[in-house]
Amino acid sequence: MFETLKELPGDKILALMELYRDDPRAEKIDLGVGVYKDATGKTPVMRAIKAAEKQLWDQQDSKSYVGLLGDKAFNDAMVELVLGDAVARDTVASAATPGGTGAVRQAFELAVRANPDVTVHVSNPTWPNHVSILTYLKLPTQTYRYFDEDTCVVDFDGMLEDLKKVKKGDLVLLHGCCHNPTGANLSMPQWREVVAVLQETGAIPMIDIAYQGFGDGLDADAEGTRLIAASCPEVIIAASCSKNFGVYRERTGILMTVTHDTSRTAINQGTLAFLNRQNYSFPPDHGARVVTMVLTDPELRADWKAELEDVRLGMLKLREQLAGEFQKLSGSDRFAFVATHRGMFSRLGLTEEMVMKLRKDNGIYMTGDSRINIAGLNAQTVPVLAKAVIDAGG
Ligand code: LMR
């Protein structure tokens, strides 16, 4: 049987992790995978998470199953974190999932179960794994314009023009904040225009929100998602705790549906439970439990928020420094977008050839589309990157 299997192309982001690891140069710089790193290059366990884990170790007296949807307290805390009071709780069905990717996968399965003819519309570009999972599930996929390659900002006219052509019942996948891979985000007036188009076409918005708190702040980053949830009759939301709680390997995420017809909520809830059962049965609990402890304990929550805010402000400072270095070295404002992009990523608009040259000559690792992870930099390496980019012809 196994002789029929063929070698598969590796995931480019994960392959880059290996390439970086194998590079013996001491001065190498990792701007690849989207994992937060502090100025010393470490991905720390957040203080509040560590404190919650210690409490949990003392208190937990069973590892028995929790429930197909995960712990209700986790679901409630995450619905509140993502949606605030944008919608009534009885409009929301939710299920804990193995990470944000688990939620994305379940979201697509939910969509095709509800509408077997669904086409999924993704931004050009989007996180490569969106496309990879859609291809794996054999779901028809189309792209809508999103990023202006020349100016490295959102091509909003193009985006609206394409979204207006989406047919009723199709899924439009939007990034809640901190767009991956570009770092170019919608303003609130632009979100409002997107809502108007979605209302007009009857397309179903799906939001992937994986970096809440990394852009403009916890609430500001959720504003677009909340507006969509309040304004569109049916919404799917996939949220991740990997980044904002730093619990990457614990696989902690949540899938939510919002339906303003509350007579549908219970059926949605049952469908999410069914999908969990078919794919992996019970979602992982450890990460979800410590996240819940952090969100529901006022002291832990305050400490987590403070640390997250430091992380966010640190990345903003690096953005400003990098934009300043580029300005100094190029004598132009053509990289000013680095300071206006938000979140962990910025797409620099370099050719693949330049990206390879940076890797070979300078040991600077970014994905082939010239996406950099801002958190991979520190005050000392920012000028190194800026000079290398300009020297490479950027
Ligand atoms: C990324 O885009 O680098 C992160 O979301 C990590 C991943 O799984 O790809």
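Predicted model: local features only at pLDDT ≥ 70, side-chain atom pairs only at ≥ 80, totals over all residues.
**Entry 1: the division.** I looked up how the chain is divided. Domain 1 takes residues 11-44 together with 313-391, and domain 2 takes residues 65-296. I then looked up the separation of their centres, taken over C-alpha atoms, and noted 27 Å.

**Entry 2: the contact.** How many residues of each domain take part? I found 19 residues of domain 1 in contact with 22 residues of domain 2. For the area buried between the two domains I wrote down about 1500 Å². Carbon and sulfur atoms give 58% of that area. On the domain 1 side, I asked which three residues supply more of the buried area than any other three. They are R342, F345 and R347, and they supply 38% of what domain 1 buries against domain 2.

Entry 3: I searched the interface of domain 1 and domain 2 for salt bridges and got two. I also looked at R347, which forms a salt bridge with E149. Their closest N and O atoms are 3.0 Å apart. I counted polar contacts next, and eight residue pairs between domain 1 and domain 2 came up.

Definitions and conventions: Residues numbered from 1 in each chain as written. Heavy atoms only, no water. Domains from an automatic or database assignment. Contact = heavy atoms within 4.5 Å. Buried area = accessible area lost by both parts, 1.4 Å probe. Salt bridge = Lys/Arg side-chain N within 4 Å of Asp/Glu carboxyl O. Polar contact = N/O pair within 3.5 Å; in protein donor to acceptor, adjacent residues only side chain to side chain.
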